[in-house]
Amino acid sequence: MATNLKASLRFVAWLFWTVVTSLIALFLLILLARLFFISFPSMTVYNVVLWINRNIGFPEAYYLTGVPILMLFSLYFYRRSLRRQEKRYLEQLIEEVHKIEAGSIRKIPVQNVGQLGQLATDINRMIDRLVTSIEDERRAEQTKNELITNVSHDLRTPLTSIIGYLGLIEEDRYRDEVELRYYVNMAFEESLRLKQLLQDLFEYTRMQNKEMKLEFRRINLAEMLHQMAAHFGWQLQENGMECRLYLHGPLYVQADGDKLRRVYENLMTNAIRYGHEGKYLDIRGWQEGEEIVTEVVNYGDPIPTVDLPHLFDRFYRVEKSRASQTGGSGIGLAIAKHIVDLHHGSISADSNEYRTAFTVRLRRDDA
């Protein structure tokens, strides 16, 4: 509204000065003509008027004299108004840039003032990138602090247990060899947990630094999942679970086998860790259009709906107390999602009172 009012006022001022100066110029031109006739008496007004009347005519004479004058002053005042507007807008831009330099990040009002309007647009675009950069830097700093806090907590827990059990052994605080072997076994399991945490941390760091390189080749995903089910046999047996495979035909994809195996290792480990009460671990696979779809399903406690959108966030845990006890780092699913993204696929989770399913979609290889 204020911009339209200013534009209207500028137009009125331009029109006013154009008309006034044109009338003044026309009046001065008439005075000069009269002085010309006074200076040259032989040139009578009658002769000039007669010539104009015969060859031009009085209305045309006025048009031929007044219109050029009107156009000339119209152009002059238009350029003058434009220069003054550009000067004011330039001063405003300089003031806004100084405010940005002082730390006040806000967008500059864009006006249609020649190239200065484009300059303001470019400055606003620069401000947007600056704001995005600042937000990214803040998020990176927050992520670093979260990383230090979470890693410190996750590493301290198994390390404390290892030191505790080894301390009991060092001080001979065990009744017999059976209790000694129990302490050694617990220290060993905590060592494995510590190793897994360090491996997750190392892989996550490589992922953040974009050092994860893929070597694509043709893989039969069904065959790989059969092998992994056999590999997890002892863990399934220890947790009283049975793995059921429903893989329809060969499932060929172009992928990095080692990295893709890491995805399904994380999904199967989570299914065993949090779904062992359901007794079954189902792995399904089929072709769907141009995609190969696989599901890792368990029948344990459901994941709350509020937690589903955050499952693949780094360091996120659905049940922090239980995850801490069972060795979860909160990094595994974030790593799995990153690997699937590198394969130009997608991973999602769905959970209800009957089952929890993680679905991976990858491009089918028809070669």
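**The sheet and its surroundings**

Modeller: Arg218 is partly exposed, with 37% relative accessible area; buried means under 20%, exposed over 50%, and partly exposed in between, using a 1.4 Å probe and protein chains only. The model is a predicted one, in which local features need pLDDT of at least 70, side-chain atom pairs count only at pLDDT 80 or more, and totals for chains, interfaces and linings use all residues. Residues are numbered from 1 along each chain as its sequence is written, and side-chain values use heavy atoms, with hydrogens and water left out.

Of its 367 residues, 32% count as buried. Take the contacts (heavy atoms within 4.5 Å) between residues at least 6 apart in sequence: 69% of them join residues at least 24 apart.

Five strands make up an open sheet, in the order S2-S4-S5-S7-S6 and with mixed pairing. S2 and strand S6 (346–351) are the edge strands, each with a single partner, so one side of each has no neighbour in the sheet. From one strand to the next the twist averages 15°. Two strands count as paired if DSSP finds at least two bridges between them. In general, strands of a sheet pair through backbone hydrogen bonds, either parallel or antiparallel.

Strand S7 has pairings on record here with two strands. With strand S5 (residues 291–298) the sense is antiparallel, over eight bridges. In that pairing Thr294 stands opposite Val360 of S7, and Asn298 stands opposite Thr356 of S7. S6 and S7 are also antiparallel, over six bridges, and they form a hairpin with four residues between them. Here Ile347 has Val360 of S7 as its bridge partner. Six of the eight residues of S7 are buried, so this strand is largely enclosed by the rest of the structure.

H6 lies across S2, S4, S5 and S7, and runs at about 170° to S2. Helix H8 (residues 257–275) packs on the sheet too, touching S4, S5, S6 and S7, and its direction makes about 25° with that of S5. Axes here are lines fitted to C-alpha atoms, for helices over the stretch in contact, and angles run from 0 to 180 degrees between N-to-C directions.

Helix H6 (residues 221–231) has Leu221, Ala222, Met224, Leu225, Met228 and Ala229 buried. They cover an arc of only 160° around the axis, which puts them on the same side of H6; the arc is that of the directions from the helix axis to the C-beta atoms. The face of H6 turned away from the buried side carries the exposed residues Ala230 and His231. At the start of H6, a side-chain oxygen of Asn220 comes to within 3.1 Å of the backbone nitrogen of Ala222.

Salt bridges come next. The term means a side-chain nitrogen of Lys or Arg within 4 Å of a carboxyl oxygen of Asp or Glu, and by this rule the count is twelve. Asp365 and Arg218 form one of them, at 2.9 Å from N to O. Asp365 lies in the segment after strand S7 (356–363) and Arg218 in strand S1 (residues 217–220), so the pair ties together parts that are 147 residues apart in sequence. Asp365 counts as buried, at 11% relative accessibility.

Arg244 is partly exposed, at 24% relative accessible area, whereas Asp282 is buried, at 0%.

Arg364 and Asp366 form a further salt bridge, at 2.7 Å from N to O. Arg364 is partly exposed at 25% relative accessibility, and Asp366 is exposed at 52%. Elsewhere, salt bridges that share partners join Arg244, Asp282 and Arg284 into one network.

How values were computed:
Polar contact = N/O pair within 3.5 Å; in protein donor to acceptor, adjacent residues only side chain to side chain.
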